[in-house]
Amino acid sequence: MTILSPAAGPRSDRRSGVALPATALLVLPVLVATAAVVVHRSTGRFWGDLAVYRAAAIAAAGGDGKLYDIAHRGVDGIVLGFTYPPFAALLLQPLAHVDASTAIGLWTLASVVALAAVVRASLRAAGAGAGAGTVLLGTVAVLPVFPVAGHLQVGQVGLFLMLIVLLDLTGAPRSRWRGLGIGIAAGIKLTPLIFVVYLLCLRRWRAAGVALAGFTATVGLGFAWRPVDSVRFWGGGVFDTARVTGDPRTVLNQSLHGALARLGDTADVRAVWLPLAVLTAVAGIVVAVRCVRAGDQFLGVLACATTGLLVSPVSWHHHWVWCVPALVLLVVRGRRAGNRVSVVAGGLLWAGFVASAAWTLVGLRGADLHFRGWELLHTNLYVLAGFVALGWLALRPSGGRAGGDGTEGWVR
């Protein structure tokens, strides 16, 4: 007979209680990746963007001058080309050596790991505990929101870029390498460059310089590796928006440009969009800087990200994965302050992102253009949420949080 001490049982239970969420957090990416492979093999659909990445990796591996000639036609008949800098194709080279199913499995696995890491970083930046159970709950909760689910469905790169930027801007505040993550992320996809403007407006000259140096290094690596493709991209291909979308009115384009195009039911809204985009960019950066001055660095980062999403000519639904840290912040700060309005707002925002027009309205109508009445409200929901958030922060730059020592949200 084995005699246990009185404390042995409870201590074992506590260990089991800690180990179970940690184990589940490790298993979750494997389960989602396995499901992705099964869905792809049984349907042959989805993961179109990842197919483009893989095709680009294969083309670039074959020599210079071929990268921007690829054209991947999906089962839906839509033709997609590679629109990122050559440096991105360099990083994607491992995809040239695996088959499609393996690529989907590994990419999805890494994407869910990145999602969990974003949730953890957001919890810490919001001032909450980031134990395995909390991270698991948060990760599972955001999986069904369309920016995340749609991101996983097409095999996008946005989760990785968001994680790099988030860790860069919420890490050790005096790090000499601050800004490097932004530079590298911008070298993969240009949209993170707005954070360089953000750093400059904050007068964080060193961090902005590091970001620009990192970005310049990625451009240089691209030229050294594939000079012809680099000349083609930086010599004009970067400005060819027709390679990104044929019609900005698509509901998947959740930017100010896309919203104006849907409201006017015309693809030609440049005369109206340009001045409004400039005003939005200036106002959004001012709000982001005011959030930092009010002592909330994390809100400043989110305000800057939202501004970038609004003013970009094309902000696909999966670009709005920045809703994940925003949801975490709303719930954490709301519960801590006993503010039911914030918690309810987080719940409504979650529901709105889950019931995205791309799944509901477009699925019911079977069409992606010519919206009327209440449909315009639903199809522009992300843009409206972005403007409401910036407007609220303009009035309450600290997000309603009392106090602040200027380091809140940086290190926990």
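Is Asp 265 buried, partly exposed or exposed? Asp 265 is partly exposed, because its relative accessible area is 23%. Here, buried means under 20% relative accessible area, exposed means over 50%, and partly exposed lies in between (1.4 Å probe, protein chains only).

## Basis of the model

This is a predicted model: local features need pLDDT of at least 70, side-chain atom pairs count only at pLDDT 80 or more, and totals for chains, interfaces and linings use all residues. Residues are numbered from 1 along each chain as its sequence is written, and side-chain values use heavy atoms, with hydrogens and water left out.

## Overall build

The chain has 19 helices and two strands. Both kinds of element are DSSP runs, numbered from the N terminus: helices are H or I with at least four residues, strands are E with at least two. Of the 412 residues in the chain, 48% are buried.

Contact means heavy atoms within 4.5 Å. Take the contacts between residues at least 6 apart in sequence: 72% of them join residues at least 24 apart. The chain exposes about 19100 Å². Carbon and sulfur atoms supply 67% of that area. Accessible areas come from the Shrake-Rupley method with a 1.4 Å probe; for residues, only the protein chains shown count as cover.

## Confidence

pLDDT is the predictor's confidence in each residue, from 0 to 100. Its mean over the chain is 89, and 90% of residues reach 70 or more. Among the elements, helix H3 (residues 86-91) has the highest mean pLDDT, 98. Helix H17 (residues 361-365) has the lowest, 73.

Residues 1-8 have pLDDT below 50, and this stretch has zero contacts in the model beyond near neighbours in sequence. Residues 402-412 also stay under 50. For them the model has 28 contacts beyond four places in sequence.

## Salt bridges

The whole structure holds five salt bridges. Each is a side-chain nitrogen of Lys or Arg within 4 Å of a carboxyl oxygen of Asp or Glu. Asp 247, Arg 249, Asp 265 and Arg 372 form a network of them. Arg 249 is buried, at 14% relative accessibility. Its side chain meets that of Asp 247 in a salt bridge of 2.7 Å, N to O. Arg 249 also forms a salt bridge with Asp 265, with the closest N and O atoms 3.1 Å apart. This pair links distant parts of the chain, 16 residues apart. Arg 249 sits in the loop between helix H11 (227-234) and helix H12 (256-264). Asp 265 sits in the loop between H12 and helix H13 (270-293).

Another salt bridge joins Arg 333 and Asp 296, whose closest N and O atoms are 2.7 Å apart. Arg 333 lies in helix H15 (residues 323-337) and Asp 296 in the loop between H13 and helix H14 (297-311), so the pair ties together parts 37 residues apart in sequence. Arg 333 is buried at 13% relative accessibility. Asp 296 is buried too, with a relative accessible area of 0%.

## Helix H9 and its partners

Helix H9 covers residues 194-201. Its buried residues include Phe 195, Tyr 198 and Leu 199. The buried residues of H9 pack against helix H7 (158-170), helix H8 (180-188), helix H10 (205-225), H13 and H14. Just after H9, Arg 203 takes a positive phi of about 65°.

## Around helix H4

Ser 101 lies in helix H4 (residues 100-125). Ser 101 counts as buried because its relative accessible area is 15%. Leaving aside neighbours within four places in sequence, Ser 101 is in contact with Val 37, His 40 and Arg 41. A polar contact of 3.3 Å joins the side chains of Ser 101 and Arg 41. A polar contact is a pair of N or O atoms within 3.5 Å; within protein, one must be able to donate a hydrogen and the other to accept it, and residues adjacent in sequence count only if both atoms are side-chain atoms.

Ala 130 is found in the loop between H4 and helix H5 (132-142). Ala 130 is partly exposed, at 23% relative accessibility. Not counting residues up to four places away in sequence, Ala 130 touches Arg 120, Leu 123, Arg 124 and Val 135.
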